[in-house]
Amino acid sequence: MSDENEMFDRGFDNRKTVLGAAHVEKSWANADAFNRPVQRLVTEYCWGAVWGDETLPFKTRSMLNIAMLTAMNQHHELAVHVKGALTNGVTKDEIQAVLMQALVYCGAPAALAAFRTASTAIADWEKEHGGAR
């Protein structure tokens with residue numbers, strides 16, 4: 001995005017790589033004067049600075065996000081990040097293992113809800129990408 005800074009541009013690219021260009025471009029296009037500042041902040045700092053730090057690979061970051069979003073019962077974001085995890089090479093078995101560990105540390109209700117969300121997100125991702133991973 002030419003009207004933004006380098007960190008924003010890196011974040012926008014990282015965000016598109018993980019979540020898909022269509023999803024990210026739609027989010028940005030739908031941003032209005034009220035929520036555009038938060039979209040800019042998330043893109044620049046979360047996706048540019050944090051996801052742009054090469055210490056952890058995207059695959060590891062995706063698994064961490066699945067666990068943290070499960071712990072916080074953030075199902076909408078969990079669905080988005082399950083799809084991103086699959087894009088980043090996380091397997092269904094690895095997602096299942098993360099959610100099983102979350103069950104132990106976060107509780108059964110949170111993990112059960114996360115399993116439901118992840119199951120739907122995986123099926124949606126497979127439809128979008130032409131089959132199982």
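Glu126 and Lys92 are joined through their side chains by a salt bridge, with N and O 3.0 Å apart; the term denotes a side-chain nitrogen of Lys or Arg within 4 Å of a carboxyl oxygen of Asp or Glu. Because Glu126 belongs to helix 7 and Lys92 to helix 6, this pair ties together parts that are 34 residues apart in sequence. Helices are DSSP runs (H or I, at least four residues), numbered from the N terminus. Glu126 is buried at 18% relative accessibility, whereas Lys92, at 30%, is partly exposed. Here buried means under 20% relative accessible area, exposed means over 50%, and partly exposed lies in between (1.4 Å probe, protein chains only).

The model is a predicted one, in which local features need pLDDT of at least 70 and side-chain atom pairs count only at pLDDT 80 or more, while totals for chains, interfaces and linings use all residues. Residues are numbered from 1 along each chain as its sequence is written, and side-chain values use heavy atoms, with hydrogens and water left out.

The count of salt bridges comes to five. One of them brings together the side chains of Lys59 and Glu94, at 3.2 Å from N to O. Since Lys59 lies in helix 4 and Glu94 in helix 6 (residues 92-106), the pair connects parts that are 35 residues apart in sequence. Lys59 is partly exposed at 28% relative accessibility, and Glu94 is partly exposed at 25%.

Lys83 and Glu128 also form a salt bridge, their closest N and O atoms being 3.6 Å apart. This pair links distant parts of the chain, with Lys83 in helix 5 and Glu128 in helix 7, 45 residues apart. Lys83 is partly exposed at 24%, but Glu128 is exposed, with a relative accessible area of 55%.

A pocket is an open set of points on a 1 Å grid over the protein atoms alone, where a 1.4 Å probe fits, with protein on both sides within 12 Å along at least five of seven lines; lining residues have an atom within 4 Å of a point. Its volume is the space filled by probe spheres set on the points, which are joined across faces, edges and corners. Helix 5 gives the most to this lining, with five residues.

The largest pocket holds about 340 Å³ of space. It is lined by 18 residues, and those closest to its centre are Arg15, Val42, Trp47, Glu77 and His81. Helix 1 (6-19), helix 2 (21-30), helix 3 (36-50), helix 4 (58-71) and helix 5 (75-87) each give two or more residues to the lining.

What of the cysteines? The structure has zero disulfides, a disulfide being a pair of cysteine sulfur atoms within 2.5 Å. The sulfur of Cys46 is too far from its closest cysteine sulfur for a bond, because that sulfur, in Cys106, is 19 Å away. Cys46 is partly exposed at 31% relative accessibility, and Cys106 is partly exposed at 33%.
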